[in-house]
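Dear colleague,

Please find below the structure that I am handing over to you. A summary of the findings follows it.

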Amino acid sequence: RHGDLPGVIDKVKENVYPPELLEVAPNQRVKGTQATKETVDTIIKVAAIKPEERQRQTQHLAKLLQLSSRSTTQLGVSIPANQQQLEVPARTLPPVSLQGGARDTLSGPSWRGSPKFVVGAAVQKWAALLIYNSHAQFPRDPVVVFNGFIQMMVSSGRARGMHMPEPAVKDKFDVRSNVESAITETIKKAAEAGCEFILVISDKDVRRHDQLKHEELMYRITTQEVTLQVAAKVVNERKMQTLENILLKTNAKMRGINHVLADDKSVIHSFSTCFMGIFVQAPSRMSAREIEEGARPSMPAVIGMSVNNGYADSNEEARREAAGKQYFTTRWQYAHPVEWKKGELQRDTMKKMVKEALKLFNGNRERIPERVIVYRGGICEGQFPYIASVERDLFQEAFDELRKDYNPNLIIIGATKDHNERFFYKEFPRSVPGQRLVDTNLPAGTVVDTVAVNPELNEFFLQSHKTLQGTAKATKYTILHETSSELNMDKIQQMTHSLCHLHQVVNSTTSIPTPLYVAEESAKRGVNLYHHQRAASDGYNLDEVNTALGSGDCSARINA
């Protein structure tokens with residue numbers, strides 16, 4: 001009767017019920033997509049346990065499984081009750097040297113930021129927007145915080161080498177008004193005024209992040225969101241480290257470079273090396289039977305890609321060229337699921353993206369790369385043969401279509417944290433009473449490449465990050481294809497570890513290399529935009545979705 005009103009649909013009979021007549025049953029499982037960021041952060045913090053406790057729990061659970069009992073032995077599974085943990089040799093890679101904008105030397109896995117950015121972004125014209133609830137209780141007037149934060153951000157950004165004038169457009173909205181239309185109108189006004197960047201300061205209880213990123217795409221204008229609560233801490237408590245972290249992100253979004261790897265003459269510093277991260281966010285897989293019965297994919301897959309084919313925005317040509325080799329761009333494209341064989345295949349969509357990425361590399365570097373090194377994420381071991389054959393072939397086809405005699409050294413490295421291996425100290429270091437607690441995780445840069453790896457594959461484990469809480473999980477890397485043996489395993493390991501230092505948004509290493517990290521975030525952005533714009537059950541037209549929600553050609557890193 002009232003078809004335009006919201007309703008709740010049951011999964012079985014698809015009946016529609018008025019939500020006010022229903023009650024939420026207790027103890028229901030909440031999906032990851034339904035949980036708030038605060039809830040997820042809380043769960044992670046509660047679940048985090050130290051390595052020594054994790055080891056004790058693992059040993060205890062192994063005994064409870066009774067894998068040495070008569071019944072398991074009869075099934076062909078038997079692990080002796082006194083089985084010792086596997087001892088594996090490990091080594092720690094040497095520290096990676098970085099360089100800040102003040103020509104200062106930095107070193108990982110975490111470092112104090114340089115007083116100057118290597119390339120300070122030029123923000124010619126920008127806007128600031130405040131979204132708050134006037135009925136909420138704040139220790140200080142939100143408008144005063146808003147103005148104070150802008151003043152501090154502009155001053156600190158200039159001190160670090162950014163060109164950042166006062167905002168050309170400043171707006172504020174009370175949530176009692178229509179917030180969604182207010183955001184749209186403000187972004188539209190800022191775009192029409194020629195602004196290239198919008199800072200949004202919003203009360204954490206009224207955030208409109210997904211809508212903000214959708215408007216960013218529609219108007220091709222970069223946005224950044226900071227909660228009013230964080231801005232208040234910066235202004236009221238002079239939290240300068242927090243402000244620095246915000247500026248790191250702003251500078252990276254606007255084609256700046258915060259720090260670079262010190263030149264060690266490796267392939268990372270070659271103008272002819274193209275690094276590419278690819279991450280595929282796939283929907284629930286369809287069975288062959290479902291496809292035969294006429295079912296269609298509920299939503300497309302999203303291919304996230306990041307390549308060092310952009311350029312840093314600097315007036316100094318030498319600095320711009322040097323930094324550009326380590327500047328990774330953002331891109332995502334929608335594709336059919338890999339099992340869907342009608343229309344454009346997923347491999348063909350990926351091939352187009354590879355070809356366009358190499359064209360952009362050529363346009364910004366005035367050369368095509370001699371080597372293409374790909375980090376492929378979002379995979380499991382069962383996909384290794386597909387990547388080593390089908391995806392390898394699509395790269396070769398892209399090379400041929402770019403130029404008939406073009407045959408660069410292609411290296412494809414699979415990266416995954418979807419494994420069960422954990423590495424611990426043989427003897428955990430002990431803290432000295434009265435002194436700082438000792439971290440019992442293995443140090444960043446730890447490599448395991450024997451005993452615990454598959455003897456039939458070229459693979460290694462690398463823990464590249466410093467763990468802030470809980471037990472560290474090393475990333476497993478597998479060499480799936482290599483055209484030539486130009487790089488030995490030691491060089492690949494050191495190269496991978498070095499690439500984990502270029503995230504730019506934080507002054508510490510990440511658990512995976514930056515091109516793959518940005519590619520994964522790009523794929524997530526594509527998924528979030530799709531869900532914001534349409535329901536998963538609506539079906540889709542691939543061309544229409546890519547036209548409306550695809551990133552298009554992008555030579556910047558908009559999802560920093």
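In which sense do strand β4 and β10 pair, and over how many bridges? The model is a predicted one, and in it β4, which covers residues 97-99, pairs with β10 in the antiparallel sense over two bridges. Within this pairing, Q99 is found opposite V260 of β10.

These two strands belong to an open, antiparallel sheet of three strands, ordered β5-β4-β10. The edges are taken by β5 (105-107) and β10 (260-261); each has a single partner strand, so one side of each is left without a neighbour in the sheet.

Turning to the chain as a whole, its secondary structure amounts to 15 helices and 18 strands. The radius of gyration is 25 Å, close to the 24 Å that the globule rule gives for 560 residues, so the chain is as compact as a globular protein of that length. Along the principal axes, the C-alpha atoms fill a box of roughly 70 × 70 × 65 Å.

When contacts between residues at least 6 apart in sequence are considered, 75% of them join residues at least 24 apart.

The chain carries 71 positive and 65 negative charges, and the mean positions of the two sets are 4 Å apart.

With kind regards

How values were computed: Residues are numbered from 1 along each chain as its sequence is written. This is a predicted model: local features need pLDDT of at least 70, side-chain atom pairs count only at pLDDT 80 or more; totals for chains, interfaces and linings use all residues. Side-chain values use heavy atoms; hydrogens and water are left out. Helices (H or I, at least four residues) and strands (E, at least two) are DSSP runs, numbered from the N terminus. The radius of gyration is taken over C-alpha atoms; the globule rule is 2.2 Å times the number of residues to the power 0.38. Contact means heavy atoms within 4.5 Å. Lys and Arg count as positive and Asp and Glu as negative; His and the chain ends are not counted. The place of a charge is taken as NZ of Lys, CZ of Arg, CG of Asp or CD of Glu. Two strands pair if DSSP finds at least two bridges between them.
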